[in-house]
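Work through the exercises below with the model in view. Try each task before you read its solution.

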Amino acid sequence: MTTAETAPFQFFSLRVDRTRRLGPSLIRVTFTGEDLKNFASGGRDQSLSLFLPHPGQEAPVLPPLDNPDMYAILGAYRAMPAGERAVMRSYTVRA
């Protein structure tokens, strides 16, 4: 019997290639970027979190990402001041 391995938690640097409004509160976002070659879609309910900069920030502000423990990174993120830390939005992976 074999078991599926869970992919390690990691960050990808991506760009929005296009968007398409599917309904009043539903939008499809297509991403592009070299880091996608390391991305594997492993299930129907897989999601990703998108970190966006606040207006006036050049890039999203995140805690140090050198800890392999995703819960430690997310805890450090949540401990940052809300007006400083990146805005986080979650999306379901379609393909």
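**Exercise 1: Confidence**

Task: Which element has the lowest mean pLDDT, and which the highest?

Solution: Among the elements of the protein, strand 3 (residues 47–52) is lowest, with a mean pLDDT of 84. Strand 1 (residues 15–23) is highest, at 93. pLDDT is the predictor's confidence in each residue, from 0 to 100. Strands (E, at least two residues) and helices (H or I, at least four) are DSSP runs, numbered from the N terminus. For the protein, the mean pLDDT is 84, and 87% of residues reach 70 or more.

This is a predicted model: local features need pLDDT of at least 70, side-chain atom pairs count only at 80 or more, and totals for chains, interfaces and linings use all residues. Residues are numbered from 1 along each chain as its sequence is written, and side-chain values use heavy atoms, without hydrogens and water.

**Exercise 2: Pairing**

Task: In which sense do strand 1 and strand 2 pair?

Solution: Strand 2 covers residues 26–32. Strand 1 and strand 2 pair in the antiparallel sense, over 7 bridges. Pairing requires at least two DSSP bridges. Take Arg-21: its bridge partner in strand 2 is Ile-27.

**Exercise 3: Buried or exposed?**

Task: Is His-54 buried or exposed?

Solution: Locate His-54 in the loop between strand 3 and helix 1. Its relative accessible area is 19%, so His-54 is buried (under 20%; exposed is over 50%, partly exposed in between; 1.4 Å probe, protein chains only). Beyond four places in sequence, its contacts (heavy atoms within 4.5 Å) include Ala-82 and Val-87.

Now take Arg-78, in helix 1 (residues 70–79). Arg-78 has 54% relative accessibility, so it counts as exposed.
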